[in-house]
Amino acid sequence: MSTDIVVMGGGITGALISDALVSEGYKTMLLDKRDIAWGSTAATTSMLQYEIDVPLYQLSKKIGEEAAALCYRSGIKAIRELEQLIKDGNIDCGFQKKTSLYLAHTEIASKWLYQEFEARQQHRLGVKWLSPSAIKTEYGLNSYGGILSKTAASVDAYKLAHELIHRNTKKGLEVYDQVEIKNVKHNNSGIVINLKSGCQINAKKIIYCTGYETVKMFKEPIADLHSTFCMRKRRRNKDQ
Ligand SMILES: Cc1cc2nc3c(=O)[nH]c(=O)nc-3n(C[C@H](O)[C@H](O)[C@H](O)COP(=O)(O)OP(=O)(O)OC[C@H]3O[C@@H](n4cnc5c(N)ncnc54)[C@H](O)[C@@H]3O)c2cc1C
């Protein structure tokens, strides 16, 4: 088989990337070794937040204030763009706008969190500082204060991935799940992907959207992954 671009991995990242490629007119093929969206996209708690793991005031020290603020503003822009994509496509995936509350659970934490609030406020990220008593009254939670952010949302990422992929199959996206890849070879004219079934795919480009498993593809250690477990207890009846 042959195509312009192979997207490896059919989670929310692969679904969004394929959507962008198909709308730009690329012949696109999506491959996944499991069922579609059965990686971490099936486990996510589905919070969409603009914050990244490193607080803004710390990131500013690492990469400079403007670059750090750009990272944070990109998070806000991404939530808005996702909202627009869902609205334009009239996609039923439980998208809801939310506010988010970042709580300080100790007095020490409240000191650096207030510093973080000042940094975010300075860059007009739409934040408010709530006192412990305001948080208690509003949310019934004990805390040492917190940052209330106006831009956040939630979405059913599993449903969104399925909806996007399904819609794009009607526009020519080819999707193959339960596909085992033997090897990927690069040559001057592009990529050759050999599947364990014996099938061969020729493509101009390959985009890896393989989530947490991407770390296995690098020789150098790029991340230290620890297992996390998501458990759900099924209720036998509504009284239990
Ligand atoms: C318990 C939990 C809670 C989370 N909560 C949140 C949250 O609230 N908000 C948030 O933003 N993020 C959250 N995350 C992270 C979020 O799930 C991921 O960032 C997101 O779903 C990643 O999507 P993805 O498409 O990049 O990866 P995945 O959904 O993991 O998709 C990768 C796909 O690639 C396929 N694949 C892997 N290797 C290969 C290969 N060699 N060949 C073919 N296919 C391959 C997999 O089968 C999989 O389908 C959470 C994660 C977990 C585990």
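This is a predicted model: local features need pLDDT of at least 70, side-chain atom pairs count only at pLDDT 80 or more; totals for chains, interfaces and linings use all residues.
The axes of helix α2 (residues 56–63) and helix α4 (residues 107–122) come within 8 Å of each other and cross at roughly 70 degrees. Here axes are lines fitted to C-alpha atoms, for helices over the stretch in contact, with angles running from 0 to 180 degrees between N-to-C directions. α2 and α4 are therefore roughly perpendicular to each other, on a scale where angles under 35 degrees count as roughly parallel, over 145 as roughly antiparallel, 65 to 115 as roughly perpendicular and the rest as oblique. On the α2 side, Leu56, Tyr57 and Ser60 meet Gln115, Glu116, Ala119 and Arg120 of α4, a contact being a pair of residues whose C-beta atoms, placed from the backbone, lie within 7 Å. The residues of this contact of α2 with α4 comprise three nonpolar, two polar and two charged. In this grouping Ala, Val, Leu, Ile, Met, Phe, Trp, Tyr, Cys and Pro count as nonpolar, Asp, Glu, Lys and Arg as charged, and the others, Gly among them, as polar.

Residues are numbered from 1 along each chain as its sequence is written.

Overall, the protein has six helices and ten strands, these being DSSP runs numbered from the N terminus (helices: H or I, at least four residues; strands: E, at least two). Its C-alpha atoms fill a box of roughly 65 × 55 × 35 Å along the principal axes. Of the 240 residues in the protein, 27% are buried. A residue is buried if 20 or more other C-beta atoms lie within 10 Å of its own, exposed if 12 or fewer, and partly exposed in between, with C-beta atoms placed from the backbone. Among contacts with a separation of 6 or more, 67% involve residues 24 or more positions apart.

The strand pairing can be followed from β8 onwards, two strands being paired if DSSP finds at least two bridges between them. Strand β8 (residues 181–187) runs antiparallel to strand β9 (residues 190–195), and six bridges join them. Ile181 has Leu195 of β9 as its bridge partner, and a hairpin connects β8 to β9 through two residues. β9 also pairs in the antiparallel sense with strand β10 (residues 200–208), over four bridges, with Ile193 opposite Ile201 in β10. Four residues lie between β9 and β10 in this second hairpin, and Gly198 in the turn has a positive phi of about 100 degrees. β10 is in turn paired with strand β1 (residues 2–8), this time in the parallel sense and over six bridges; Val6 has Ile206 of β10 as its bridge partner.

Strand β7 (residues 174–176) contains Val175, a residue that is buried, with 20 other C-beta atoms within 10 Å. The C-alpha atoms of Val175 and Met29 are separated by 5.9 Å, although the two residues are 146 apart along the chain. Leaving aside neighbours within four places in sequence, Val175 is in contact with Gly10, Leu30, Ile165 and Thr169.

Phi of Ala37 is near 60 degrees, a positive value in a residue other than glycine, and Ala37 is buried, with 24 other C-beta atoms within 10 Å. Ser46 is also placed in the loop between β2 and β3 and has a positive phi of about 70 degrees without being a glycine. With 19 C-beta neighbours inside 10 Å, Ser46 counts as partly exposed.

Conventions: Two residues are in contact if their C-beta atoms, placed from the backbone, lie within 7 Å.
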